[in-house]
Amino acid sequence: MIRLGLRLSLSSGREAAARLALIVVGVAAGVAVLLATLSLFNAFQATGGRPCWECTTGSAPSGWALDPSADGALWSYREDFYAGRTIKRLDAAALGTRAPVVPGLFRMPGPGQYDVSPALAGLLDSAPRAELADRFPGTRAGLIGDAALSGPDELVIVVGRTPDEVAAMPGARQVDVVGAEPAIDDGADVYRFGFGVAAVGLIVPLMVLVGTATRLAAARRETRFAAIRLVGATTRQINVLATVDAALGALAGAMAGLAIFQLVRPAVAGVRITGARFFPELVTPHLWQYAAVLGGVPVVAACAALWSLRRVRISPLGVARKTTASPPRAWRVVPLLAGLGMFAGPVYRNGKPDELLAVVALVLIMAGLMLAGPWLTMVAARLTARLTRGGATLLATRRLAADPKTAFRSVSGLVLAVFIGTTIAALVPAVVAGQQKVAGGTLNDVLGATFARPGVSGLSPRAATELLDRLRAHPGVEVLPIYARPDIERVPPGPDGPPPAPYVVECAGLALFPVLGRCPESTRAVAGNFARIVGADNPLTVDRLLPLAGPASPPAVADGLDMAAIMITTPDPATLERLRTLLAGYTVEAPMTFAEVAEVRADLYTRAENVALAMVGLTLVAGACGLVVAAGGGLVERRQPFTLLRLAGTPTRTLAAVVLLESALPLVLAAALAAGAGFGVAEPLIDALAMRSASIAIPGPVYFASLGGGLAAALLVILTTLPMLRRMTMPDNARFE
């Protein structure tokens, strides 16, 4: 029976060869997409699992003094910024001969030297020295290897110092062993959530694609196998024939998909899923994943083929007489409505999202879209048949109403892509825009820096005066110093009991930043919580603090106070970077503009968007391939009916319109349904964030260009199958088997 199955698959004429070719193409596309997804996830896991030298902890050198017998090293790690990019900086000093070494280096740089990553080396060579290189004392000694980096674009520098210099830096630690913990950052959960959502949206259309490809011309095969049953074949023998037929095409398609993936792998390695590229050698599936795909795809294809022949096993005569399956019922919309209802209510109890309920609701919505699609397709087809006239419309809608499950199956992958893409397109831009519209956007280009640290209220009056003079020497620079009140604990509360204001600003400087408030008349300085907005890690909280000063603000005196923070504005980006370089010698943390803080805060959302949108793009590819396979298979399956219709006088353009309508109606209907569900999920998410500056809006041109263009491309794909129609419906094809 196995040899007979191979002969039926390979030597049954042009129709069998065309069907086998379509199966190979469809499965190959799905396998290539699946391997690309696995490669990106493997690279993400490998990058996150590398030893995190940045996370190394040690003992603080309290009362530290140089000890000839000391061993290990002193480290001071912090992050710097340049042109919106993060620079990881480690200042290190060896205390003995067994000082720990950062992975990727043979030895640590000595005093007056530094090692940099290849990406930072290129940036140092291209950027003006006063804007970047002056932040790092010494000369370049070498390059940092890949073992210390998360990707080829990462900016890292290790600066060699003396022990006295490092001990005087904030956050200095004595380190004996480099940390071996995985390099999982704060965005790891967001990455996993993005991969999880994308996986749910990708696995289903890939399974649909494989199933659709292996079930091409199912009706013709059912008739052929039913005839074989009638001449004496057993159910087991029919199962073997179907398994061989499906597995052969799936195996050939899987091997072709593996070859295609090897060709496109360099392009996949350049995809910036997390905002940066992975090392190319990490973007590859594991050997067991290759084996699982090559072995699992034929098994899935065989199971799909056996399921499609279930009616043959029950009643061969029933198949030969074309028995009709029962129509879908209205209960199919219940999971979709339940999932949307959960997002609108129980998911956000007490104003906070319940993660478990959110996952359940998301699964219900995705499953509901798949379940409700056939029923809605049937209803739309019946309604269209009643409201419209024309032979093409009647033929298309009657067939859709008779078998809506098959009609919707080929577009189900695109449905999930539209749902995921719409949710992201509505949610992420609203959140990012809310982050960037703090105080109406007037603070975006303001540079903030803090000088206070535990035990120190800020810069001394003398050091503050020196720094202010150096800052104001740059043309166009406006400065607002924020002074700390060291006696804040001894200041009595006001008559209504509010806490005393810990910071003071001069009214002359406050006038340069009117969004912060205004001083009472005849007042030189006022007290308030001004430093809170400089150190805020979430710009959305700043809106709730403004204005910080008003007619009722308590007057104060700034003379003789330490400077705790500063706000600076300049219209020149190059001057801004020079000021950042200047402030790096005074600040505890890297000075950042409010727009940069918003960018860092919104980075998690953007990373999740990159992951999901990349998967959506792959899903569109899989769905388009499914449409190609379904449309081509539909033409092969209906060759004889279309030929008879043409012989009866039906124009070829009418048959072409039938094919287009059969694909376009369920596609447009499902896309509209999925887009509505996407907005239904995004709106409560934005409301739950309670962001005054964020609101849901119609997605921008990129959304319509990507998803709308993808849907249009899917319809154009169907047009490519129409030239086959005229040739397949020639009068010579009007024969019966």
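Trainee: What volume does the largest cavity have?

Mentor: Start with the idea. Rolling a probe the size of a water molecule over the atoms shows where empty space is left. This model is predicted. Its largest cavity has a volume of about 50 Å³.

Trainee: How many cavities of 30 Å³ or more does the structure hold?

Mentor: It holds 2.

Trainee: Which residues line the largest cavity?

Mentor: Arg 78, Glu 79, Asp 80 and Arg 89 are among them. By type, the lining divides into 5 charged, 3 nonpolar and 1 polar. Strand β1, residues 73–82, gives the most to this lining, with 3 residues.

Trainee: Now the disulfide. Which residues form a disulfide?

Mentor: Look for two cysteine sulfur atoms within 2.5 Å. Here Cys 507 and Cys 519 pair up, with their sulfur atoms 2.2 Å apart. The pair links distant parts of the chain, 12 residues apart. Cys 507 lies in helix α17 (residues 507–510), and Cys 519 in the loop between α17 and β10 (525–528). The structure holds 1 disulfide.

Trainee: Is the link of Cys 507 and Cys 519 left-handed or right-handed?

Mentor: Left-handed, with -105 degrees about the S-S bond.

Trainee: Why does Cys 507 count as buried?

Mentor: Buried means under 20% relative accessible area. Cys 507 has 13% relative accessibility, so it counts as buried. Cys 519 counts as buried because its relative accessibility is 16%.

Trainee: And Thr 393: buried or exposed?

Mentor: Buried, because its relative accessibility is 18%. Thr 393 sits in helix α13, residues 391–402. Leaving out residues up to four places away in sequence, Thr 393 touches Thr 384, Thr 388 and Leu 661.

Technical notes:
Residues are numbered from 1 along each chain as its sequence is written. This is a predicted model: local features need pLDDT of at least 70, side-chain atom pairs count only at pLDDT 80 or more; totals for chains, interfaces and linings use all residues. Side-chain values use heavy atoms; hydrogens and water are left out. Helices (H or I, at least four residues) and strands (E, at least two) are DSSP runs, numbered from the N terminus. Buried means under 20% relative accessible area, exposed over 50%, partly exposed in between (1.4 Å probe, protein chains only). Contact means heavy atoms within 4.5 Å. On a 1 Å grid over the protein atoms alone, a cavity is a set of points where a 1.4 Å probe fits but cannot get out, and a pocket is an open set with protein on both sides within 12 Å along at least five of seven lines; lining residues have an atom within 4 Å of a point. Grid points are joined across faces, edges and corners, and a volume is the space filled by probe spheres set on the points. Ala, Val, Leu, Ile, Met, Phe, Trp, Tyr, Cys and Pro count as nonpolar, Asp, Glu, Lys and Arg as charged, and the others, Gly among them, as polar.
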